[in-house]
Structures are given as structure tokens and as C-alpha cells.
Amino acid sequence: MDERRRTTLIGGAALGLPLDDAWIHAAFARNLALDRTWGLFAGEPSGGESSLLWPAVLALGELGGAALAPVLALVLGSASFLILPGLVGALASTPVRGRWIAGAVGLCGPLVFLALSGMETIPALTAGTGALVLLRRGHVGRAATAAGIAVLLRPDSVLLVAVLAAGVAVGRRDGPPLRSATLLWAWSRLWPAIALVLLAVILLSLLERHFPPATLGGRRWLVGLPADLAPSGAPGGLLA
């Protein structure tokens, strides 16, 4: 990646991001905004992007050649981190415990680093935690939508959908919670999340011109399979 794509100038000073993966997201965002290309290099469609939603959002910072995708990534990461402690605290059994937990999350160094990394990790974590809070309050459809957004941000979040299904099944009052019919009913309640997961797979496949999309090769552990690091057939098949 050339320096023009790795450096953003703010007031004459160079803005840097600490992780190569963050710059991969920024490069995809820039090429999407300027060249209408889903790829690491201009005019070369490729795999290697693990998130569908994050570069699409960051592309807003690149419209008109503004080169502000890294800035937008930092702003969104920081804003998500400000929301996260309160959401985690809302899952506590009492308000007092919630405040202690929220304070601990807010002072967690690794989470602060991730918020300032330019990655989609904290926004995805915030969306996923929001899904759990919504489920606890009985808003199943909204919880499923929030979980789907988390998956669009970071594919690993798909495990959260299974957690929500278990929560919906256990929370059912009119029958034994672990019967197959109850589990099927629980999954049907989560159709917004399932629809967004399928949308992510389909769109990434279309954008990469390859099925399954390259990002799934390194995430086969999600279904208990070893990672497949062989070339995907799509140019630039990196794993962001």
C-alpha cells in the first residue's frame, strides 16, 4: 500500500493507526469511495476484507477525496467505547454492581487501545452488548437486528446469534425450554439477524467475485473446522 493510502494529514500532522488491519479497512474504504472497487488496491477487486459494514461506513470519510477514513474510524471507535460501559453495566443484577462493572470496563486498557485502533472491534462489541441488553428487556426483534449489525461489522459475532437463540428459548414460559420445537421457535424469532448474516455472505461473495468469501476461510473454527489458509481464488485473498 503506498504512502498516499497509508497517511492522513490533519493540520499538517500525519495521523497514524497502530494496526495494519486498520489500514486495510481504510484502503478498502478509500477504493470503494473513489474507484467504486471492493479491493485493497485501486481498480483491483479482491478479497481480504473481514467486515462488510465497517469499510462502507468509513468510505463516507473518503468522499470527494477527503482522505478522512482513519479519522472517522477513530471517532466511531471512541464514540462506541463511551457507550459500551453503560451497556455492560445494564446487564448486572443490581444498579450498584452495574456501576462497578461499568467503571471497570471504562478503565480496561485493552478496550481503550481497541477503541483507538481504527478497527471495528469496539463498535461490533457495543452492538452485540446492546443486543443482549435488548433481549433482557424483552425486545427480541430489536436484539436480533443489533446482533445482525454486529455480524455485519465483524463476522465472529455470528456466535452471538446462537446465544440469543438460547436466551429466547430459555425465556419461553409456555413449555420446556430445551425441546427441539422450542429451539426452532426461538430461531424463528431471530429472523432479522439470520437475514443480515445471509446478506453479509451474499454481498461479500458478490463483491469479491468468489464464493464463499475469502474472509470465511480463516473463520471455519466457528463451525468446528480448522482454518483454511489456501488461496481463495480471489486476487489479494488476505485475511483482515
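Predicted model: local features only at pLDDT ≥ 70, side-chain atom pairs only at ≥ 80, totals over all residues.
Start with the pair. Two packed helices are described by the angle between their axes and the distance between the axes. Helix 8 covers residues 140-153, and helix 11 covers residues 191-208. Their axes lie 7 Å apart and meet at an angle of about 20 degrees. Angles under 35 degrees count as roughly parallel, so helix 8 and helix 11 are roughly parallel to each other. Their crossing is right-handed.

Which residues make the contact? Helix 8 supplies G141, A144, T145, G148, I149, V151 and L152. Helix 11 supplies P192, A193, L196, V197 and A200. By class, this contact has 9 nonpolar residues and 3 polar ones. No charged residues take part.

Now turn to helix 9, residues 158-171. Helix 9 has 14 residues. From first C-alpha to last, helix 9 reaches 21 Å, close to the 20 Å expected at 1.5 Å a residue. Its buried positions are L160, V161, L164, A165, V168 and A169. An α-helix has 3.6 residues a turn, so residues three or four places apart point the same way. Keep that spacing in mind when reading the buried positions of helix 9.

Finally, look at T126 in helix 7, residues 121-136. What does T126 touch, leaving aside its neighbours within four places in sequence? T126 is in contact with S80, I83, L84 and L87.

Definitions and conventions:
Residues numbered from 1 in each chain as written. Heavy atoms only, no water. Helix = DSSP H or I, 4+ residues; strand = E, 2+ residues; numbered from the N terminus. Expected span 1.5 Å × (residues − 1). Buried < 20%, exposed > 50% of the residue type's maximum accessible area, 1.4 Å probe, protein only. Axes fitted to C-alpha atoms, helices over the stretch in contact; angles between N-to-C directions. Parallel < 35°, antiparallel > 145°, perpendicular 65-115°, else oblique. Left-handed = near helix turned anticlockwise from the far one by under 90°. Contact = heavy atoms within 4.5 Å. Nonpolar A, V, L, I, M, F, W, Y, C, P; charged D, E, K, R; others polar.
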